[in-house]
Amino acid sequence: MTKLSVNINKIATLRNARGGDVPNLVQVATDCESFGAQGITIHPRPDERHIRYNDVYDLKKIVTTEYNIEGYPSEDFIKLVLDNKPTQVTLVPDGPDVLTSNAGWDTIAHAEMLKDVIATFKENDIRVSLFIECNEDYIQGAADLGADRIELYTEDYANGYSRDPENAVAPYTYAAEIANSLGLGVNAGHDLSLENLEYFAANVPGLLEVSIGHALISDALYFGLENTIQQYRRKLENASR
Ligand SMILES: CC(=O)[C@@H](O)[C@H](O)COP(=O)(O)O
Ligand SMILES: NCC(=O)COP(=O)(O)O
């Protein structure tokens, strides 16, 4: 069944708004796990606008499920990941100024750089996933570079779901089939929500993990964090029936 990794960037955004330690990120991560999260995802950005570099070290001490660190492989990021040895690193091609992730890797144009970075992480027993769009050539590129998994960038699916779910999910079904046939594991994320998650997971073969932050933390304002995480877990359970 697909695992749920909870992205806690937004908790850090809230904490940083007042410069103190409320809410406490470490406590929230611990609680997410006890409420049913099967992983914790963070995306430390160079401006530290939400997750700060020292949060990565604090979380390493307490995360007992899968620890997934996302980001652009700058020198600082590579050092941070190697220092903390998470379960998984998800490489994302974000420039330093983007509002949020807005594209996947061109694994052909960036092959040389990615190949070395992937090898470095794998030598350190860190699973490597590449954030990627539904493009057959780029998926083949990810396999050629030695990545363990891809994370399908789901913004287009999320935008198209309410108009035409079948059409919206079709490229992801196909992309996952290709990835599976190449021996790549398949993760997914970006703008997944209580509304669109079950259909996605039911139609994407071999979906190993979803990382969800923005919608989940927003839902928690209404439903509470424990109840919300349980609702997302149920969507994934329903999808596997
Ligand atoms: C890779 C991805 O889709 C997410 O990590 C997303 O980038 C969340 O980052 P923000 O919380 O900074 O928008
Ligand atoms: N990898 C995607 C992620 O961690 C969360 O994205 P979002 O749910 O905040 O859009």
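Is Gly 213 buried or exposed? Gly 213 is buried, with 24 other C-beta atoms within 10 Å. I use buried for 20 or more other C-beta atoms within 10 Å of a residue's own, exposed for 12 or fewer, and partly exposed for anything in between, with C-beta atoms placed from the backbone.

Before going on, the conventions. This is a predicted model, in which local features need pLDDT of at least 70 and side-chain atom pairs count only at pLDDT 80 or more, while totals for chains, interfaces and linings use all residues. Residues are numbered from 1 along each chain as its sequence is written, and chains are lettered from A and ligands numbered from 1 in the order in which they are written.

Now the overall fold. The chain has eleven helices and eight strands; these are DSSP runs numbered from the N terminus, helices being H or I with at least four residues and strands E with at least two. The radius of gyration is 17 Å, close to the 18 Å from the globule rule for 241 residues, so the chain is as compact as a globular protein of that length. That radius is taken over C-alpha atoms, and the rule is 2.2 Å times the number of residues to the power 0.38. Along the principal axes, the C-alpha atoms fill a box of roughly 45 × 40 × 30 Å. Of the 241 residues, 45% are buried.

Next, the core. The largest nonpolar core has 69 residues, and Ile 8, Ile 40, Ile 132 and Ile 150 have the most contacts inside it. A nonpolar core here means buried Ala, Val, Leu, Ile, Met, Phe, Trp, Tyr and Cys residues joined through C-beta atoms within 7 Å. Helix H8, residues 165–181, gives the most to this core, with six residues.

On to the annotated positions. UniProt, in an unreviewed entry, places "active site" at His 43, Glu 70 and His 190; such annotations may be inferred rather than shown by experiment. Although spread over 148 residues of sequence, the three cluster in space, with a largest C-alpha distance of 12.2 Å.

His 43 sits in the loop between strand S2 (39–42) and helix H3 (53–62). It counts as buried, with 22 C-beta neighbours inside 10 Å. Beyond four places in sequence, His 43 touches Asn 7, Asn 9, Ile 51, Glu 70 and Gly 71, contact being C-beta atoms within 7 Å. His 190 is in the loop between strand S7 (185–189) and helix H9 (197–203), and is buried with 24 C-beta neighbours inside 10 Å.

What surrounds ligand 1? The residues around it include His 43, Glu 70, His 190 and Gly 213, where near means a C-beta atom within 6 Å. By class, the shell has two nonpolar, seven polar and two charged residues.

Asp 191 lies in the loop between S7 and H9 and is partly exposed, with 19 other C-beta atoms within 10 Å. Among its contacts beyond four places in sequence are Thr 154, Glu 155 and His 214.

That returns us to Gly 213, in the loop between strand S8 (207–212) and helix H10 (214–223). Not counting residues up to four places away, Gly 213 touches Asn 7, Ile 8, Asn 9, Lys 10 and Thr 41.

Methods: Two residues are in contact if their C-beta atoms, placed from the backbone, lie within 7 Å. Ala, Val, Leu, Ile, Met, Phe, Trp, Tyr, Cys and Pro count as nonpolar, Asp, Glu, Lys and Arg as charged, and the others, Gly among them, as polar.
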